[in-house]
Amino acid sequence: MTQRVAVVGGGVMGAGIAHVFLSCDLSVSVYDPDPAVLGSLPARLRTGLDLLDVPAGPALDRLTVAGDLAGAVDGAHLVIEAGPEHLAVKRQIFADLDRLTPSTVVLASNTSAIPIGDIARDVRRAGRVIGTHFWNPPYLVPLVEVVQAPASDPDCIQWTIELLGRAGMKPVHVRSDVPGFVGNRLQHALKREAIALVADGVCDAETVDTVTRFGFGARLGIVGPLEQADLSGLRLTLAIHEVLMPSLDRTAVAHPYLVSKVERGETGAAAGRGFRDWAAGEAQARRAEITRELVAAARRRTGGI
């Protein structure tokens, strides 16, 4: 039986998730309450499909855009919520999905950090609610964290992992519903230490980024941290930890240096200043460079040029 996927939310992540399933010959419906978002969706999808030489015509023929939630989820086997990262909004979406879909439909959230059990609080049949945390952009970054909440049915987890694998993604099973799951816990643990190093005057932001990109970051796409520890030997890891761990940052809330940046309006590239200074046009050029690198990596994974 051909699977049908519905995506709730047509923004950056919703469009990217739709792209993933359209690229593997599945039918996809997308709902968004904003007509402008829905109106721009086909053109945005075409741009992404063209990047990877996926024939856009046949893919877009399998796309349905829907201005009402009931119409979007009708006939779907999997519904993925990609709405705003606000708990109250997500709870309402899932309560609506619970009412509008049969009990056999798997309901998944693309939240980056909110525990799935919290999102599913108002769902009567919470066993079918799971997490599917895609990374941006989903059609270029293959990882999906499939999160099992305490009430999640293991069969729903396994079915979703198999579907994502057939769609060309790299799904992993996250067995505990912790905030941030695996990827964002690792990523933001690194960011906490990076911010502390700059705040303490150890180095500037450019140095942090250079050390990460051209040091251990250069191998992270090839060998993971625990595999690397095994290959180097755990005695070495232990020896380093005995010296290093007592001095690592332990700030239990958002770092005051980050808070002060935001309070001063130094909110990142769009403002011209964050941890680094950004000249006009510099961020746009850097984003284009990052996209080119991600496209090249995606082509290598799929056997392209």
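Is Phe181 buried or exposed, and what is its relative accessible area? Phe181 is buried, at 1% relative accessible area. Buried means under 20%, exposed over 50%, and partly exposed in between, with a 1.4 Å probe and protein chains only.

The model is predicted: local features need pLDDT of at least 70, side-chain atom pairs count only at pLDDT 80 or more, and totals for chains, interfaces and linings use all residues. Residues are numbered from 1 along each chain as its sequence is written, and side-chain values use heavy atoms, leaving out hydrogens and water.

Most residues other than glycine have a negative phi, and most peptide bonds are trans. Phe181 has a positive phi near 60°. Its place is the loop between β8 (170-174) and α8. Helices (H or I, at least four residues) and strands (E, at least two) are DSSP runs, numbered from the N terminus. Asp53 also has a positive phi, about 60°, and is not a glycine. Asp53 sits in the loop between α2 and α3 (56-61). Asp53 is exposed, at 55% relative accessibility. The peptide bond from Asn136 to Pro137 is cis, with omega near -10°. Pro137 lies in the loop between β6 (129-134) and β7 (143-147).

The whole structure contains 0 disulfides, a disulfide being a pair of cysteine sulfur atoms within 2.5 Å. Cys24 is in none; the nearest cysteine sulfur, that of Cys156, is 19 Å away. Cys24 is partly exposed, with a relative accessible area of 22%.

Asp34 occupies the loop between β2 (27-31) and α2 (35-51). Asp34 is partly exposed, at 34% relative accessibility. Asp34 and Arg125 are 91 residues apart in sequence and 29 Å apart in space, C-alpha to C-alpha.
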